Amino acid sequence: MIIRKFAALAAGAAALTLTAGSAVAEDTVEVLHWWTSGGEASALNVLKEDLEKKGVTWQDMPVAGGGGSEAMTALRARVTAGNAPTAVQMLGFDIIDWASEGAVANLNDVAEEEGWADVVPAALQNFSKYDGNWIASPVNVHSTNWVWINKAALDAAGGKAPETWEELIAVLDKMKENGITPLAHGGQPWQDATVFEAVVLSLGNDFYKAALNDLDPEALGSDKMKEAFDRMTKLRSYVDDNFSGRDWNLASAMVIEGQGGMQMMGDWAKGEFLKAGKKPGEDFVCIRFPGTQGSVTFNSDQFVMFKVGEDKQAAQKMMASAVMNPEFQSAFNVVKGSVPARTDVSDEAFDDCGKKGMKDLAEANEAGALFGSMAHGHGAPAAVKNAINDVVTQHFNGELSSEEAVEELVNAVEAAQ
Ligand code: BGC
């Protein structure tokens, strides 16, 4: 069925090509993305090669910068100049923003023919559809409340993976005594915010939802929020002197090499460990951020097709379809560190962390413990996200006390809405 579909789309693409007479341009997709680290590039290659096998030529437009802010700035410039890329990697509320501007293509034909509605969970469909129409194809589900620990460093610190905040602090203290940087971290607003949202989640599901999804001023201004900032201050004491501005994958490398004890980061970090030949359970350990077991903060990378002319539509649809292919979703996500965006993909090819990721996601979804990641575009629109990131970063860098940060947070979120 899926193979027949590709053949039909390929024939469509070829027909269009013949009409217009320019073989290369029309079967080409120009893809804007921010997958530039080693692990990310390996995953990207899986997609690129898959498309090339189907006769679609890949034109790469990488924009470095974890979390994608720089990519979104580049996208705005391209669209403003009247030169939108064919396909764009995008997160959550950004998808909805672009759809509301009328800039994106409708994927209903391919979605209906392939039954996406039956296999894409509702939490993702909220961001793949706008006004009842499919406007994005989800390639994965990442989650952000993970900790990646060097196994030898953990063994040297007593060997037990921490399950509570107190146990986490005890392990970090031990790692400090052992002479390594306990917390490998890159001081960039989105990375600070990734740690912050895990800390907020560790103080309760209801608290996370009220503060970072519902933007409830009471939760944002609460004593619990002060506690979250106090915990950030504590975590700040475990990073090295050179953390400022460090890219996330360099922080992963510190843990891979054993100079760093652990990294608090989404599961794209696993892609770096795998790329370095490291094995879960042997070289590194993956745990949920202590106190967040059973809950998941998620983000999903989706591909959005821009309105770039009819001659490009066949190639766009082929790409949207290829991204949703179940075998592809397995092959890609095994390398990326994420889990499939479809519920009907087996976990067989996944390592233990991937299997855990799939199980945690399904269970959290069942239990009402699945929440959009604020740091990665699934909590609120970009203006709010950026306002929160700024406060979190200023506080992490010691420019605001916890009390001041709470007050600033309430004001910044209100002003950004
Ligand atoms: C994306 C991931 C990416 C990570 C670091 C996240 O927002 O969802 O795909 O690997 O940023 O760049």
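Modeller: Buried means under 20% relative accessible area, exposed over 50%, and partly exposed in between (1.4 Å probe, protein chains only). This is a predicted model, in which local features need pLDDT of at least 70, side-chain atom pairs count only at pLDDT 80 or more, and totals for chains, interfaces and linings use all residues. Residues are numbered from 1 along each chain as its sequence is written, and side-chain values use heavy atoms, with hydrogens and water left out.

Start at the ligand. It has 14 residues around it, and E40, N299, D301, K336 and H376 come nearest (near: a heavy atom within 4 Å). E40 places a polar side-chain atom 2.4 Å from a ligand oxygen. N299 has a side-chain N or O atom 2.8 Å from an oxygen of the ligand. For K336, a polar side-chain atom is 2.8 Å from a ligand oxygen. Taken alone, the ligand exposes 310 Å², and the protein buries 100% of that (Shrake-Rupley areas, 1.4 Å probe; for residues, only the protein chains shown count as cover).

Now take H376, one of those nearest residues. H376 sits in the loop between strand 14 (370-372) and helix 20 (helices are DSSP runs of H or I, at least four residues, and strands are runs of E, at least two, numbered from the N terminus). H376 counts as buried because its relative accessibility is 3%. Its side chain makes a polar contact of 3.0 Å with that of T194 (a pair of N or O atoms within 3.5 Å; within protein, one must be able to donate a hydrogen and the other to accept it, and residues adjacent in sequence count only if both atoms are side-chain atoms). Beyond four places in sequence, H376 is in contact with G67, L91, T144, W190, T194, W268 and N299 (contact: heavy atoms within 4.5 Å).

Move on to helix 20. Helix 20 covers residues 382-396, which makes 15 residues. From first C-alpha to last it reaches 20 Å, close to the expected 21 Å (1.5 Å times one less than the number of residues). Its buried residues are V384, K385, A387, I388, N389, V391, V392, T393, H395 and F396. An α-helix has 3.6 residues a turn, so residues three or four places apart point the same way. After helix 20 comes G398, with a positive phi near 80°.

Helix 11 first. G186 lies in the loop between strand 9 (181-183) and helix 11. G186 is buried because its relative accessible area is 0%. Outside its four-place neighbourhood, G186 is in contact with Q191, D192, F243, R246 and A251. From G186 to F273 there are 87 residues along the chain, and their C-alpha atoms are 17 Å apart. F273 also touches S252, as do Q263, A269 and E272. S252 belongs to helix 15 (residues 248-257). S252 counts as buried because its relative accessible area is 0%.

Helix 12 next. L215 is in the loop between helix 12 and helix 13 (217-220). L215 is not a glycine, yet its phi is positive, about 55°. Most residues other than glycine have a negative phi. L215 is buried because its relative accessible area is 11%. D131 also has a positive phi of about 55° without being a glycine. D131 sits in the loop between strand 4 (129-130) and strand 5 (133-134). D131 counts as exposed because its relative accessibility is 69%.

Last, confidence. The chain has a mean pLDDT of 94, and 94% of its residues reach 70 or more (pLDDT is the predictor's confidence in each residue, from 0 to 100). Over residues 1-24, pLDDT stays under 50, and the model has 30 contacts beyond four places in sequence for them. Where pLDDT is low, the predicted coordinates should not be read in detail.
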